[in-house]
Amino acid sequence: MSGDTLFYDEIERHAHALAAVRDSLSEPFSALVAVCRKSLDNGGKLMFFGNGGSAADAQHLATELTIRYMRNRKAIAALALTTDTSCLTACANDLGFELIFARQIEALARPGDVAIGITTSGNSANVTLALEAAKAMGCVAAGLSGRDGGKLVGLADPLLIVPVHETARIQEMHILIGHMLCEALEREALS
């Protein structure tokens with residue numbers, strides 16, 4: 001495949017994923033914005049987590065909210081559970097990798113907070129266990145997933161499932177959705 005062909009093929013697959021998101025996720029996106037606004041208005045916080053590229057998305061989005069997305073405004077309470085290497089390695093070593101996010105939820109979450117798990121398959125055990133822990137503590141267990149939603153279906157609510165099978169395209173849509181969430185919350189903070 002030539003570079004030119006690859007270029008247009010990738011753009012076309014991205015456009016297909018974008019159309020699928022546009023056609024199916026407006027309602028769950030509005031629900032995600034609403035639960036985040038409610039939590040923040042009541043003194044709560046948003047907690048993002050995921051593995052690999054989703055961990056990078058978690059850090060990216062938490063930083064956009066605590067510092068700034070597009071405009072200067074008051075800080076928004078958000079954190080990524082993927083950044084404390086001492087905590088992550090201690091938990092993985094002593095309790096098991098599948099508990100690295102659930103243990104932090106137990107320590108840091110309060111009822112009314114929003115836990116947002118990001119997983120392209122919907123089947124990452126450390127993400128599903130953290131959402132179960134959040135739900136048990138009275139937090140909102142929300143999720144960004146892909147394909148058929150995997151094990152997040154019936155667990156996360158709101159759940160935004162990017163209905164395509166290609167991991168790269170799902171990740172591109174997750175960061176788009178995350179940026180839209182930042183924009184919505186930033187507008188609220190400035191109003």
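Guide: Let's begin with a word we need: contact means heavy atoms within 4.5 Å. By that rule, Glu 64 touches Tyr 69, Arg 73, His 179 and Cys 182, not counting residues up to four places away in sequence. This is a predicted model, where local features need pLDDT of at least 70, side-chain atom pairs count only at pLDDT 80 or more, and totals for chains, interfaces and linings use all residues. Residues are numbered from 1 along each chain as its sequence is written, and side-chain values use heavy atoms, with hydrogens and water left out.

Visitor: Why is Glu 64 said to have no salt bridge?
Guide: A salt bridge needs a side-chain nitrogen of Lys or Arg within 4 Å of a carboxyl oxygen of Asp or Glu. The nearest side chain of opposite charge, Arg 73, is 6.7 Å away, so Glu 64 has none. Glu 64 is also buried, meaning under 20% relative accessible area with a 1.4 Å probe, protein chains only.

Visitor: Where is Glu 64 placed?
Guide: Glu 64 belongs to helix H3, and a helix here is a DSSP run (H or I) of at least four residues. Helix H3 covers residues 53-66 and packs on the sheet, touching strands S1, S2 and S3; a strand is a DSSP run (E) of at least two residues.

Visitor: What makes S4 and S5 a pair?
Guide: Pairing takes at least two bridges found by DSSP. S4 and S5 have 4 bridges in the parallel sense, so they pair.

How values were computed:
Axes fitted to C-alpha atoms, helices over the stretch in contact; angles between N-to-C directions. Buried < 20%, exposed > 50% of the residue type's maximum accessible area, 1.4 Å probe, protein only. Lys, Arg positive; Asp, Glu negative; His and termini not counted.
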